[in-house]
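This report goes through one chain, from single positions to the overall fold. The sequence and the structure come first.

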Amino acid sequence: MLAMFFWAFTVGGIICVIGQLLFDVAKLTPAHTLSLLVVAGSVFSGFGLYEPLIDFAGAGATIPITSFGNALVNGAMQESQEHGIVGVLTGMFEVTSSGISSAIIFGFIGALLFKPKG
């Protein structure tokens, strides 16, 4: 069990270090870095590499933003098998809607409770 925690921490940390390097070294904006990490997760998922990473690292691979790209691709692939080309679009939104809705709701609550900057 201790090994699971170690690998989750290590893999999640590596993903975060990559994101930080994109900020510091490549001088990318937060929006560009976010988009690049989501696309990277999508590409890894498309090639079948992200699921083995999740099996290996657990939360270390499912918590970072790269897992959002993985969820988009998985939803699109599942629904495309059942509903064809229309399923590609509906599958992405169906699988990720709860996460997006939660982010919006908790962001709104946070803005009500605390004084936002800007």
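## Threonine 90 in H6

Threonine 90 is found in helix H6, which covers residues 85–113. The model is a predicted one. With a relative accessible area of 37%, threonine 90 is partly exposed, because that class takes in values between the 20% limit for buried and the 50% limit for exposed.

Phenylalanine 6 lies 84 residues from threonine 90 along the chain, and the C-alpha atoms of the two are separated by 37 Å.

## Overall fold

The chain has six helices and zero strands. Read from the N terminus, the order of elements is α-α-α-α-α-α. The C-alpha trace spans about 45 × 40 × 35 Å along its principal axes.

The chain holds 118 residues, of which 25% count as buried.

## Packing of H1 and H2

Helix H1 (residues 2–24) packs with helix H2 (residues 30–46) at an angle of about 145°, and the two axes are 10 Å apart. The crossing of H1 past H2 is right-handed. On the H1 side, the residues that meet H2 are Ile18, Gly19, Leu22 and Phe23. Their partners in H2 are Pro30, Thr33, Leu36 and Leu37. By class, this contact has six nonpolar residues, two polar ones and no charged ones.

Which residues does threonine 33 touch, leaving aside its neighbours within four places in sequence? Threonine 33, a residue of H2, is in contact with Gly19, Leu22, Phe23 and Leu28. Among these, Gly19, Leu22 and Phe23 belong to the H1 side of the helix contact. Threonine 33 counts as buried because its relative accessibility is 3%, and the limit for that class is under 20%.

## The loop between H1 and H2

Lysine 27 lies in the loop that runs between H1 and H2. Its phi is near 55°, a positive value in a residue other than glycine. Is lysine 27 buried or exposed? Lysine 27 has 66% relative accessibility and therefore counts as exposed, since the class begins over 50%.

## The largest pocket

The largest pocket holds about 240 Å³ of space. It is lined by 13 residues, and the closest to its centre are Ile15, Ile18, Phe44, Leu53 and Thr66. Ile18 is also one of the H1 residues that meet H2.

Which helix gives the largest share of the lining? That share, five residues, comes from H1. H1, H2 and helix H3 (50–57) each supply at least two lining residues. By class, the lining consists of 12 nonpolar residues and one polar residue, with no charged residue.

## Serine 67 in H5

Serine 67 has its place in helix H5, which covers residues 66–83. Thr66, one of the residues closest to the centre of the largest pocket, lies in that range too.

Serine 67 is buried, with a relative accessible area of 16%; the value falls in this class because the limit is under 20%. Apart from neighbours within four places in sequence, serine 67 is in contact with Tyr50, Ala61 and Thr62. Of these partners, Tyr50 falls within the residue range of H3.

Conventions. Residues numbered from 1 in each chain as written. Predicted model: local features only at pLDDT ≥ 70, side-chain atom pairs only at ≥ 80, totals over all residues. Heavy atoms only, no water. Axes fitted to C-alpha atoms, helices over the stretch in contact; angles between N-to-C directions. Helix = DSSP H or I, 4+ residues; strand = E, 2+ residues; numbered from the N terminus. Left-handed = near helix turned anticlockwise from the far one by under 90°. Contact = heavy atoms within 4.5 Å. Nonpolar A, V, L, I, M, F, W, Y, C, P; charged D, E, K, R; others polar. 1 Å grid on protein atoms, 1.4 Å probe; cavity = no way out; pocket = protein on both sides within 12 Å on 5 of 7 lines; lining within 4 Å. Points joined across faces, edges and corners; volume = space filled by probe spheres on them. Buried < 20%, exposed > 50% of the residue type's maximum accessible area, 1.4 Å probe, protein only.
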